[in-house]
Every structure is written in C-alpha cells, then in structure tokens.
Amino acid sequence: MAKSTFYSICLLIVFFTSFLITDAALFGPLKNHVALFIFGDSLFDAGNNNYINTTLKANYKPYGETFFHYPTGRFSDGRLIPDFIAEYAKLPLIPPYLQPGIDHQLTNGVNFASSGAGALVETRQGLVIDLQTQLGYFENVSRQLRKKLGDAEAESLLSRAIYLFTVGGNDYMFPFEINSAVLRSYSPEQFVGLVIGNITTIVKEIYKTGGRKFGFLNMLPLSCTPYAKASLGGGQCFERITPYVKLHNQELPKRLQKLKSEPKGFKYSLLPFYSFLEQRINHPSKYGFKEAKAACCGSGPFRGGKRGVEEYYLCQNASEYVFFDSIHLTERAYQQFAKPSWNGKPALSGSYNLKSLFESN
C-alpha cells in the first residue's frame, strides 16, 4: 500500500510539473509576443493558392529557386516582403492559412493572402480568396486562439499583433484585362471609392476583433510593369490605369488618418511602394540592378507574357533584375523595400515604421 501511494504521489508530481511546463511554454513567451497577420494578393501570398482550384499558382520552377530552392507558391525567386518583416521581428516564416497542420503555429500569425485577389468580391471571382473571405479565415483563427489561450490572453495577443495589407492592384487591373463594363459604369473616383471602402470595412472588422496596429503598402505603378506594357499597353506603359493608381494613393492615407482619429488605439504604417518601384524602374543602376524594363523570367516583349506551354526565357542571375516575372519582383528588390519599411523614416506624418509599430503598446 505504501509503495502504491509512493508511485501515486510521484505520478501526481510528474503530471503537475508537466502542466506547469506546458503552461509556461504557452503563456510565458506570449506576454510581449507580437504576431503577424498578412492579407492581400500575390505580393504577399506564401502559398494559399496551392490549395485552391485555380490557375493562379506559383507551384512550379523557377519560382523559389534562389532562397528555398523549390517552388513554395510565392511569386518570386525567393522571399517576399512579409518574410523579411518576420525575420526582422524575430518570427519564423508565417505559414499560409490553408497549409495543413499549422494549428500549433497560430500564435506567430497567419498569412491569408491569395494571388489574384482583390478588395472586391467580383475580382477574379472563383479563382481567388477575396479579401472578405480572408477576413472570415482570420475570424476562424481568432476563435481558435480564444479556445486555446482563453479570452484574455487571446485578446492581448490580437491587440499587440500587426496586420499587414497589400490589396487593390487586381481590382484596378482586372477590368482592363476583360474590358469590363465597370470601366464605363463608374468614374475612376467612384471605382477607387469602392475599393478603398471595402478595405476600410475589413480593417474595421479586424479592429472589432481586437486588432489595433496595421501596415499598408500603397499602390505600385501598375502601368509600367512588364505585363502591363506587353499585354495592355502595346509596348508602352499602360497609362489608362494610372488615374486609378494615383487616386488610390491619394485616398488611402486620408482614410487611414480618419481611422486614426475615430477608433481608440488605431495605429498604422503606410509604406511607399509606388515611389520605391518607380525609382528602380527609372534608375535601376542607382540601386544595383542591371535590368528594370524586362523581367528575369517570361516570354514575349519585356518577358511580360504569361508562363504556359510556350518556351520562356530565364535569366542567369535574378538579383540583377527588378522584376522576376511579368509583375512580381525579385527577392533582392523585395528585400530592398522591406529594410527601410522596417526601420526607415515613416512616409507620412502620423505613420510609423514597422519596427516602431511592433514595439508600440
């Protein structure tokens, strides 16, 4: 009987110690932990489209060749902007939401971005995970975190987290690709208002869930990508899209300033992707590139054609190029943008760089 009691006490001690270790491992590191939740399109998609029925995938070579040495679903030769931000924040690579078996990684954040997606549900509907659906996925994660951590700890994690966005480019490009009646039904001001309005709605919903700190890329110069020049512009920059891009970049900071003045605790970082890319397209050698007009990989003029069964060209050194494919940048270009986004001077009064946003309360 004494022997049995001794074993019972030992078993109880082992169980109690295991509980304490598990509790410390789960809650201790989370006290000041900052997660990264990622929303948007192919500039941020880390592989979600690998898991849906779509042709908009980067799950084949030569995508991924520089860093990963295999295609991950990222539309580049290597890492994307969020990958570098995660590294600077001492986080692991943030996994795509649809990747199996990520439940144990949720406290670091999740990537919901989908290549081809827009802020409008109608943009490439059926082929992408639109922004509204991405919000639904985030709300699922929020519920999982509350179940795993408890309400108080989950709310604390969500309020410290960063919510990083890049979206809108597909909303403006897609109507021109299909010659949509939208272009005749709405003025550029009205259409941009719809896009910005949808982005704002999503941000407000995340705010209701507990999010307070947001990062946004402004719109890149879509008109002068290899794809736009080759497929839409007849060899020239496709300037018909420029009014939408410029209006987007005028209205987004206004909307962010308004959000900052309304909800309590709303903070944001607005990252100047337009000027960054424009400078490198116009003056590539100044930034260490040899080629900014044509892509490293592709077919046709400027290598701006879509990859398919036809033969394609692949450059020998992707780091010499600004564009890896017809619209997406090389890892080196993304890294050049990520570094000042992390610790550079904010582009707008009232905005933060991402490092300051991560460190803010």
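**Reading the cysteines**

Mentor: This is a predicted model. We may begin with C224, which counts as buried because its relative accessibility is 16%, under the 20% cut-off. C237, at 28% relative accessibility, counts as partly exposed.

Trainee: How many disulfides are there by the distance rule?

Mentor: A pair of cysteine sulfur atoms within 2.5 Å is taken as a disulfide. The count here is two. In one of them, C224 is joined to C237, with an S to S distance of 2.0 Å. That link is right-handed, with 120 degrees about the S-S bond. C224 sits in the loop between β3 and α8 (226-232), and C237 in the loop between α8 and α9, 13 residues apart.

Trainee: What is the handedness of the disulfide of C296 and C315?

Mentor: The sulfur atoms of C296 and C315 are 2.0 Å apart. The torsion about their S-S bond is about -85 degrees, so this disulfide is left-handed. C296 lies in the loop between α10 and β5 (297-298), whereas C315 lies in the loop between β6 (313-314) and α11 (331-343), so parts 19 residues apart in sequence are tied together. Both cysteines, C296 and C315, are buried.

Trainee: Which residues call for caution, with pLDDT under 50?

Mentor: Where pLDDT is low, the predicted coordinates should not be read in detail. Here, pLDDT stays under 50 over residues 1-28. The mean for the protein chain is 91.

Key. Residues numbered from 1 in each chain as written. Predicted model: local features only at pLDDT ≥ 70, side-chain atom pairs only at ≥ 80, totals over all residues. Heavy atoms only, no water. pLDDT = per-residue confidence, 0-100. Contact = heavy atoms within 4.5 Å. Helix = DSSP H or I, 4+ residues; strand = E, 2+ residues; numbered from the N terminus. Buried < 20%, exposed > 50% of the residue type's maximum accessible area, 1.4 Å probe, protein only.
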